[in-house]
Amino acid sequence: MAAESLFNRPVCMQVRCQGCEERRLNVRVNIELLSISNPVHKKDLAVRLTDDTDPFFLYNLVISEEDFQSLKSQQGLLVDFSAFPQKFIDLLQQCIQEQNKDIPRFLLQLVSSASLLDHTPVSLNVVETNPFKHLTHLSLKFLPGNDAEIKKFLASCLKSLKEDKMMLEEKLRKTEEDLTRQLSYTQQSLSEKSRELDKLKNEWASHTAALTNKHTQELTNEKEKTLQAQAQYQQQHEQQKKELENLHQKSIQQLQNRLSELEVINKDLTERRYKGDSTVRELKAKLSGTEDECQRAKQEVLSLRRENTTLDAECHEKEKLINQLQTRVAVLEQEIKDKDQLVIRTKEVLDATQEQKAILEESTEKKQSHIEKLETTIKSLSAELLKANEIIKKLQGDLKTLMSKLKLKNTVTIQQEKLLAEKEERLQKEQRDLQEMGQSLRVKEQEVSKLQEQLETTIQKLEESKQLLKTNENVITWLNKQLNEVQVGKKLEPSAAPHGGVRAAISPHGMVRYGYP
């Protein structure tokens, strides 16, 4: 059997119970399409109502194609079975869209004929509100889940919780690995940035020193060239005063040009120096920013380490709590297995008692039929005895007649006497048989009374076994409730036993004993 989930989310519903005020309740609606291929391929629509806050709140509805035809004819539906799930989901979506409004147009009503939603059938109505009246588009009747269905549902919830726990543990492990990788990557990046910063510092120091040396060297060279040129011009001035007068303007112009070039070079070098200084300042600012980032990264690493330590402690505590809960669940499961074995033994005793009862009833019926046959035989024997008495009376009359004719009819008289002797002997034999039948009848009546006493004793034992079975079922229900409370995540004190609660134990003879701790 394959199940396809179509809808699974909580929906706000109006709960109406007899003699109670209306209230709102968030109910999880789970719609699944069940495909059954053995022996005939068919599809059923399964709808389940649960409450995330109450694990014992369970209502089920399974609609087959035959059930849908009767529902379609009763409520005047216009869709087929294949389109009904999607239409029902569309109605639920409209109710979800309207549930936060003050006056919703579409709403869901959960109606119960009892005073509380306590294991009684309920009706789920999809109602549309208009200014004239409330229109019920669809009404589905849900049945409460029995113990087996609730156990199956809680088992699925426990399985889902275990899967979620495994997913969270895997996510925690991946998060720890990611944080570890990020920490190592951050440390590696920090070391690389530190090396790059040191390298930039060294490069900038060497570059600054090289520029300063170059600038000083160029200034020195230009000063030396200027002094040399000035000395040459002064020496040539005396020797070649006339030539210099002609070339004076040209030389002055050249010198001015050279001076302007030198000034431009000097200005360029000054600007480059200023740029170098600004670059140094920017690099220093970047260095300080990098150091701040490094400090923040260290602080983040410390905080991440603290968070990792806290998460490790929480994970350890949770694992410890989970181990304790699993131990408690194992103990409770073992107790439930013991109770199941006791119930099985009780059922076997009950079956044996029922078989013995059936055997006794059959034996009683046989005895009764035998008694009826004996009574019939006694009646027939009584009739024959009456006939024999009549024959005796008749023979006695004949004997009187024959006695008067004794002399004439000796032969006939002798024959009649023989016949009378045979009849008397037969009568005595029948009387003896009748006495034996009476004694046998009394013995059978005594056996019947004994069998009736045994039957009453067996019935009393059967009632005691039924009462014991009912008590064991109550104990098992209570234990299942305690187990379910543990499984749905109610925090129990694992080291301390529950104070003030009733403890149930089963004696070796199968009797249930209650006590207080």
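Me: Why is K101 called partly exposed?
Reply: K101 has 46% relative accessibility. Buried means under 20% relative accessible area, exposed over 50%, and partly exposed in between (1.4 Å probe, protein chains only), so K101 counts as partly exposed. Keep in mind that this is a predicted model, where local features need pLDDT of at least 70, side-chain atom pairs count only at pLDDT 80 or more, and totals for chains, interfaces and linings use all residues. Residues are numbered from 1 along each chain as its sequence is written, and side-chain values use heavy atoms, with hydrogens and water left out.

Me: What makes K101 and E98 a salt bridge?
Reply: A salt bridge needs a side-chain nitrogen of Lys or Arg within 4 Å of a carboxyl oxygen of Asp or Glu. K101 and E98 come in at 3.3 Å, N to O, so the pair qualifies.

Me: And E98, buried or exposed?
Reply: Buried, because its relative accessibility is 14%.

Me: How do you know that D178 and R181 form a salt bridge?
Reply: Their closest N and O atoms are 2.1 Å apart, so they meet the cut-off too.

Me: What separates D178 and R181 along helix α3?
Reply: About one helical turn, because they sit three residues apart in that helix. Helices here are DSSP runs (H or I, at least four residues; strands are E, at least two), numbered from the N terminus.

Me: Which residues are linked with E177 in a network of salt bridges?
Reply: E170 and R173. The E177 to R173 contact is 2.6 Å, N to O.
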